[in-house]
Amino acid sequence: MKILWIFVWSHWFSVTLADEAVAQKFENQGNQSIGVELLVLGVAQDAGYPQLNCYQPHCQAGWDGHKKFATALALIDHNNKQKYLLEATPDIREQMHQLHQVAPDGLYNLAGIFLTHGHMGHYTGLMHMGHEAAGMKNTPVYVMPRFKKYLQNNGPWSQLVDYKNIVLQDLHDQSTVQLNPNLSIKPMLVPHRDEYTETVAYVIKGPRKSVLFIPDIDKWQKWNKDIKAEISQVDYAFLDATFFANGEIPNRDMAEIPHPFVEESLQLLKDLSPKDKAKVIFIHFNHTNPLLNHDSEASEQVKAHGFKVAYRGMKIDL
């Protein structure tokens, strides 16, 4: 492991524009696709990349212009001219602009925002919808019961509710929301640090394909579901990859932030069939995670095992 990390740190500056180039190519395609598609709008942990006060070599690429936005997905239904966000991140301005290139405002209605939980990278973008900013009207925001109460009873979020910038829509564990005949989404409770709200994963079903989205979870063993079985039931699975390995954050007890390390996930999923391995897409990378660099030895290791690494602009037809 030490050999891997020496290699990763010494080659961090070799970050390429491969993922940004793919994103730009996709954006230039406009809305040529017909049907439902998923678009990755960000891949980083809540605070994005680079993080505040990080001037170490592993953050330098971010300061040099290779910024990574916080994890978010978009669902685009071209037939019904609707678009949805999964997460409202601190980078929502840039992410909504990216979505606008593919599904322009005026032609596509922002029909809903689905939130997973109440940590900063997953809901604080809502502030841009208020009267100090975009002044949006009646935007549906789908939340679990504790999350609904949190937004209703705590400022500044309660002002968004009172001014009807957002309209809260109820979610319930394991209860599918049928958005239209082409698209449905089901929340599933997952264990996480639920200081303010519940935490959910989502199963998204389009006309032909399905996706599992788990940006945040504690160790896989703490879940009352078998992640391998869940992967087998979908066509794609975006999985929490916040940290690559233990010890990644110096001078901090990583037991306090118990995400599954990518190394642990690789070990746990090593016996999956090649077909199921190809479904797995790692996402939600902390600024210390070498998977932010698609040319790193860690990224090559993940791909050599048959898995994928998410990038902004990644598209999946559903």
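This is a predicted model: local features need pLDDT of at least 70, side-chain atom pairs count only at pLDDT 80 or more; totals for chains, interfaces and linings use all residues.
On one side of helix α6, Lys149 and Asn153 are exposed, where exposed means over 50% relative accessible area, buried means under 20%, and partly exposed is in between, computed with a 1.4 Å probe on protein chains only. Residues are numbered from 1 along each chain as its sequence is written, and side-chain values use heavy atoms, with hydrogens and water left out.

Let me stay with α6, which covers residues 145–153 and in which Phe147, Tyr150 and Leu151 are buried. Seen down the helix axis, the buried residues of α6 fall within an arc of 95°, so they line one face of the helix; the arc is that of the directions from the helix axis to the C-beta atoms. What do the buried residues of α6 pack against? They pack against α5 (120–123), β5 (139–143), α7 (157–162) and β6 (166–170), with contact taken as heavy atoms within 4.5 Å.

For the chain as a whole, there are eleven helices and 14 strands, and these are DSSP runs numbered from the N terminus, with helices being H or I of at least four residues and strands being E of at least two. Buried residues make up 57% of the 318 residues in the protein chain. Among contacts with a separation of 6 or more, 72% are accounted for by residues 24 or more positions apart.

Now to the aromatic rings, of which the structure holds ten pairs; rings of Phe, Tyr and Trp (its six-membered ring) pair if their centres lie within 6.5 Å, and planes under 30 degrees apart count as stacked, over 60 as edge-to-face and the rest as tilted. The rings of Tyr84 and Phe114 have their centres 6.5 Å apart and their planes at 55°, so this pair is tilted. That pair links distant parts of the chain, with Tyr84 in strand β3 (residues 82–86) and Phe114 in strand β4 (residues 109–114), 30 residues apart, and both Tyr84 and Phe114 are buried. In the pair of Tyr123 and Phe147, the ring centres are 5.7 Å apart and the planes are at 80°, so the pair is edge-to-face. Here again distant parts of the chain are linked, since Tyr123 is in helix α5 and Phe147 is in helix α6, 24 residues apart. Tyr123 counts as buried at 7% relative accessibility, and Phe147 is buried with a relative accessible area of 1%. Together with Tyr150, Trp157 and Tyr196, the residues Tyr123 and Phe147 form one aromatic cluster.

Next, how many disulfides does a search of the whole structure find? The search finds one, where a disulfide is a pair of cysteine sulfur atoms within 2.5 Å. Cys54 and Cys59 form this disulfide, with their sulfur atoms 2.2 Å apart, and both cysteines are buried. The torsion about the S-S bond of Cys54 and Cys59 is about 100°, so the disulfide is right-handed.

Let me turn to the cores. A nonpolar core is a set of buried Ala, Val, Leu, Ile, Met, Phe, Trp, Tyr and Cys residues joined through side-chain atoms within 4.5 Å. The largest one has 64 residues, and those with the most contacts inside it are Phe238, Leu239 and Phe282. Strand β9 (residues 200–205) gives the most to this core, with five residues. A second, separate core has 27 residues, including Leu110, Tyr123, Leu160 and Leu168.

I will close with two single residues. Ser265 is found in helix α9 (residues 262–268) and counts as buried at 1% relative accessibility; leaving out residues up to four places away in sequence, Ser265 touches Trp220, Pro260 and Phe282. Ala310 lies in the loop between β13 (308–309) and β14 (315–317), and at 1% relative accessibility Ala310 counts as buried. Apart from its neighbours within four places in sequence, Ala310 is in contact with several residues, among them Val43, Phe238, Phe282 and His294. The C-alpha atoms of Ala310 and His294 are separated by 9.3 Å, and these residues are 16 apart along the chain.
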